[in-house]
Amino acid sequence: NGKVIAFIGLGHMGGPMAASLVRAGHRVLGYDVVTRSLDAAAAAGVTPAASAAACAAEADVVVTMLPSGRHVLALYREEGLLDAARPGTLFIDCSTIDVADARLAHEAATAAGHRALDAPVSGGVVGAEAATLTFMAGGSPDEFTAAEPLLAAMGRKSVHCGGPGAGQAAKICNNMILGISMIAVSEAFVLGESLGLTHQALYDVASTASGQCWALTVNCPVPGPVPTSPANRDYRPGFAAPLMAKDLGLAANAVRSAGVRAELGLRAAELYQAFASGDGADQDFSGIVESIRERSAN
Ligand code: NAD
């Protein structure tokens, strides 16, 4: 039961995700404003379209994988994507965008007679290529059930998090934990260094004690204790610092508009913004340990 899927935004993530849908037996019509991305997708079996609206017109499902909410809303509302689609088309937005924008996208899609699901991902480019992404979905149970087989073709796990925007909310809340905990682990290593504690000794204690967390035991920010962590390869990503800065920026927007006293979340957003626009521009987010060390008196 192959479907006709319009896939819009064939970049680092969207390209391999569209290829996974082709491999699962769907007919995938693709569009990207960058010709090179469209050509690469065509080589993977995606049928290139002349515009986003042109592929939406023929589709059962429209998947978007775009840089930000601004792009999603412009396509939905101003560039005719919703008008071009047949009534009842399922719109799945996999981009990471503001919770507020995700809710506006749902409203626009349903007002135009369509169905909508926000379904941002974690797992990065590696997960997109291996079809092992995790999807966090927001929308009605019916929409989630309709989308599930497609999400399963692109990923390993899908969690229905609640109504419109709940997928984006889960994504930014999780990444706010991750950003804060990476800074916490990094500060502890730098403090340990200045107190004469070896990385291994702190690791051996914290990894089996109450300081245990993913930022320590999987993505350890210092080289040595976890040989597979980016710290052992000059902080090559991994999860690039600018993407962490983006996600924390979305979390900070939500924190402010909800009036939540998330002081560490807001501070983590500032620290990652500064790191990502300097030395961290092409580093894994765990490289922030080096900027903490540099700014510390020793
Ligand atoms: P990317 O910049 O590589 O891809 C985005 C694509 O959208 C580009 O190819 C761009 O040309 C295209 N695009 C922009 N406007 C368009 C329009 N109007 N019509 C058609 N195409 C248009 O970015 P990416 O790394 O693939 O990320 C996509 C989304 O996934 C982002 O929201 C990002 O935050 C999220 N994300 C990325 C990763 C990652 O590791 N790269 C991980 C999780 C989530």
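Does Ala 131 count as buried, exposed or partly exposed, and how many C-beta neighbours does Ala 131 have inside 10 Å? The structure is a predicted model, in which local features need pLDDT of at least 70, side-chain atom pairs count only at pLDDT 80 or more, and totals for chains, interfaces and linings use all residues. Residues are numbered from 1 along each chain as its sequence is written.

Ala 131 counts as partly exposed because it has 19 C-beta neighbours inside 10 Å; a residue is buried with 20 or more other C-beta atoms within 10 Å of its own, exposed with 12 or fewer, and partly exposed in between, with C-beta atoms placed from the backbone. Ala 131 lies in the loop between H7 and E8, where helices (H or I, at least four residues) and strands (E, at least two) are DSSP runs numbered from the N terminus. The phi of Ala 131 is near 55°, a positive value in a residue other than glycine. Most residues other than glycine have a negative phi, and most peptide bonds are trans.

The loop between H11 and H12 holds Tyr 235, whose phi, near 65°, is likewise positive. Tyr 235 counts as buried because 24 C-beta neighbours lie inside 10 Å. Gly 238 is also placed in the loop between helix H11 (214-217) and H12, and a cis peptide bond with omega of about 5° joins Pro 237 and Gly 238.

Helix H8 comprises 14 residues (141-154) and should span 20 Å at 1.5 Å a residue, which agrees with the 19 Å between its end C-alpha atoms; the expected span is 1.5 Å times one less than the number of residues. A kink of about 45° lies at Glu 148, shortly before Pro 149, the bend being the angle between axes fitted to the seven residues ending there and the seven starting there. Among the buried residues of H8 are Phe 144, Leu 150 and Met 154.

The shell around the ligand has 26 residues, of which Gly 9, Gly 11, His 12, Met 13 and Thr 96 come nearest; a residue is near if its C-beta atom, placed from the backbone, lies within 6 Å. Helix H4 (69-78), strand E7 (121-122), helix H7 (124-130) and helix H12 (241-258) each supply at least two residues of this shell.

Over residues 5-162 the chain is 46% helix and 25% strand, whereas over residues 165-290 it is 60% helix and 0% strand.
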